Amino acid sequence: MTPALEIVDVSHSFGAVAALRSVSLTVPRGGFTALLGVNGAGKTTLFSLITRLYDNRSGVIRVGGHDLRREPGRALARLGVVFQSRAMDADLTIRQNLIYHASLHGIPGRLARPRIAEVLAQVDLADRAEARVTALSGGQARRAEIARALIHRPDLLLLDEATVGLDVKSRAEVLALTRRLIERDGVSALWATHIMDEIAPDDDLVVLHRGAVLRQGRAAQIAGGQGLTRAFLDMTGVAP
Amino acid sequence: MSHPTARAGAWVTAFLGIARREMLRFLNQRGRFLAALVRPLVWLFIFAAGFRAVLGLSITPPYQTYVLYEVYVTPGLVAMIQLFNGMQSSLSMVYDRETGAMRTLLVSPFPRWYLLGSKLIAGVIVSIIQVFTFLAIAYWWGIRPPVWGYVTVIPALILSGLMLGAMGLFLSSAIRQLENFAGVMNFVIFPMFFASSALYPLWRMRESSPLLHDICLYNPFTHAVELIRFALYLQVNWTSLMVVLGCLAGFFGAAVFMYDPQKGLWARRKGGPA
């Protein structure tokens with residue numbers, strides 16, 4: 001089966017500084033893949049390449065089998081992205097933001113309206129549709145971002161440190177919501193994080209450090225008998 | 001899953017979505033509408049009234065007779081509305097980039113030239129609403145071009161609005177932070193406006209400084225003003241039309257280049273939120 005995301009030998013640098021070095025990884029369909037790395041490991045750069053905010057000049061990125069450089073439209077149509085920082089328009093309500101985002105994927109209003117009701121119910125924000133983004137709590141805002149990312153029914157969700165700045169309860173809610181979406185709707189997710197607690201033993205795990213993939217495999221296997229934190233420390237030599 | 005860019009209707013939907021958002025933002029920011037209206041009205045009511053007494057105007061095309069200074073300056077003020085609107089679009093692009101909202105636009109499956117073009121056209125629609133509100137007030141003030149002029153000026157407004165908006169888009173790609181926008185005001189908007197035929201005819205400029213006259217002549221804003229002025233009086237200034245079309249193509253091409261992830265400044269930028 002074609003993987004949800006396939007990255008082969010991708011490198012990226014900013015001037016003389018290498019941000020990513022020959023990164024290769026695969027996100028299987030219908031699974032939760034955690035991308036673990038400390039700040040500055042290259043997670044956001046990798047996300048910027050996958051979302052085509054930056055151009056990948058070396059290597060290949062395929063989303064659902066579609067080469068991002070050759071078929072950017074087809075590849076981007078399959079992606080739902082939750083950025084590290086807020087990406088919704090603060091001047092508009094949640095519903096207006098979702099209609100706007102749906103239109104950016106070619107979904108007209110008559111089709112968007114039932115989908116908006118559906119995704120807002122999924123993220124438990126059905127009663128906040130008319131609220132402005134600025135009126136939401138941190139956890140609600142992240143869930144609204146997930147609703148935005150889901151509106152066009154993507155195959156692959158990219159979540160770049162989606163729980164940053166959230167309290168423990170909101171963090172758990174956002175993570176549980178993402179896992180629920182995978183189980184129920186069959187979407188795949190690439191979850192970038194630096195928090196060990198967010199990774200379950202059965203998750204697929206990619207360890208990214210200083211722009212290079214150190215390991216990819218089942219989290220339990222990578223952790224071995226010593227636990228994930230210890231294994232990560234041994235691999236990288238830094239505290240997460 | 002069907003690919004959205006393969007359906008013609010999806011392209012229209014994307015454009016309408018972008019236009020709707022621009023309109024909602026415009027309506028939400030009532031201060032912006034007021035400022036866009038008050039600025040040219042202050043020029044018309046106060047500045048033009050003062051200058052009427054000191055500035056003599058000979059008969060120059062498209063006018064068939066002597067005109068009051070208020071009449072002369074009105075097309076320039078219309079273009080000023082569009083200039084400020086273009087810069088407002090530029091400002092909102094920089095703001096969107098700083099707040100992260102622009103990433104939503106740029107990860108859309110539609111090509112960037114189409115997304116930027118849609119944003120540009122949406123901005124022009126907003127500017128034309130502002131212009132006609134101004135022209136309605138100007139009519140009440142006694143500035144009354146031929147009735148059909150209100151129709152024939154529309155294509156000129158579309159083209160000049162597109163050119164000035166494309167210039168704003170291009171500038172927004174080069175501005176790194178919102179704080180730098182003050183520089184744009186000082187080094188782009190004011191020189192463009194004052195070194196043009198918006199406030200005084202070019203022959204007047206030549207009398208005082210041939211160099212300044214040449215600068216005004218090569219200023220694209222002069223040609224936007226003249227295109228509007230002639231269209232308002234049921235004529236076409238072909239030179240201005242060509243200049244405006246050329247500048248539109250140049251500015252828009254440069255903006256698309258700059259926003260292309262494979263080219264332009266974005267390819268070289270040093271990370272951070274988009």
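# A predicted model of two chains

B:Leu234 is partly exposed, because 15 other C-beta atoms lie within 10 Å of its own; the term covers counts between two limits, since a residue is buried if 20 or more other C-beta atoms lie within 10 Å of its own and exposed if 12 or fewer, with C-beta atoms placed from the backbone. B:Leu234 sits in the loop between α10 (220–232) and α11 (238–259) of chain B. Its phi is near 65°, a positive value in a residue other than glycine.

This is a predicted model, in which local features need pLDDT of at least 70 and side-chain atom pairs count only at pLDDT 80 or more, while totals for chains, interfaces and linings use all residues. Residues are numbered from 1 along each chain as its sequence is written, and chains are lettered from A and ligands numbered from 1 in the order in which they are written.

Read from the N terminus on, the elements of chain B run α-α-α-α-α-α-α-α-α-α-α. The C-alpha atoms of chain B fill a box of roughly 65 × 35 × 35 Å, taken along the principal axes. For 274 residues, a compact globule would have a radius of gyration near 19 Å, and the 19 Å of chain B agrees with this. That radius is taken over C-alpha atoms, and the globule rule is 2.2 Å times the number of residues to the power 0.38.

Of the 274 residues in chain B, 46% are buried. Two residues are in contact if their C-beta atoms, placed from the backbone, lie within 7 Å. Among the contacts in chain B with a separation of 6 or more, 77% are between residues 24 or more positions apart.

Another residue of chain B to look at is B:Thr133, which belongs to helix α5 (residues 112–140). B:Thr133 is partly exposed, because 15 other C-beta atoms lie within 10 Å. B:Thr133 and B:Ala182 are 49 residues apart along the chain, and their C-alpha atoms are separated by 27 Å.

Now turn to chain A. Its secondary structure comes to eight helices and 10 strands. The C-alpha atoms of chain A fill a box of roughly 50 × 40 × 35 Å along the principal axes. A compact globule of 240 residues would have a radius of gyration near 18 Å, and chain A, with 18 Å, agrees. In chain A, 67% of the contacts with a separation of 6 or more are between residues 24 or more positions apart.

Helix α1 (residues 43–50) of chain A is mostly covered, with eight of its eight residues buried. These include A:Lys43, A:Thr44, A:Leu46 and A:Phe47. Just after α1(A) comes A:Arg52, with a positive phi of about 70°. A:Ser22 is not a glycine, yet its phi is positive, at about 45°. A:Ser22 lies in strand β2 (residues 17–27) of chain A. A:Ser22 is partly exposed, because it has 14 other C-beta atoms within 10 Å.

Two packed helices are described by the angle between their axes and the distance between the axes. In chain A, helix α3 (residues 94–103) and helix α4 (residues 109–122) pack at an angle of about 130°, with their axes 10 Å apart. Axes are lines fitted to C-alpha atoms, for helices over the stretch in contact, and angles run from 0 to 180 degrees between N-to-C directions. α3(A) and α4(A) are therefore oblique to each other, a word for angles that are not under 35 degrees (roughly parallel), over 145 (roughly antiparallel) or 65 to 115 (roughly perpendicular).

The contact is made by A:Arg95, A:Leu98, A:Ile99 and A:Ala102 of α3(A), together with A:Gly109, A:Ala112, A:Arg115 and A:Ile116 of α4(A). By class, this contact of α3(A) with α4(A) has five nonpolar, one polar and two charged residues. Ala, Val, Leu, Ile, Met, Phe, Trp, Tyr, Cys and Pro count as nonpolar, Asp, Glu, Lys and Arg as charged, and the others, Gly among them, as polar.

Finally, the two chains touch. Across this interface, 32 residues of chain B are in contact with 34 residues of chain A. On the side of chain B that touches chain A, α1 (8–28) and α4 (101–106) each supply at least two residues. The largest share, nine residues, comes from α1(B). The residues on this side of chain B divide into 16 nonpolar, 11 polar and five charged.

How values were computed
Helices (H or I, at least four residues) and strands (E, at least two) are DSSP runs, numbered from the N terminus.
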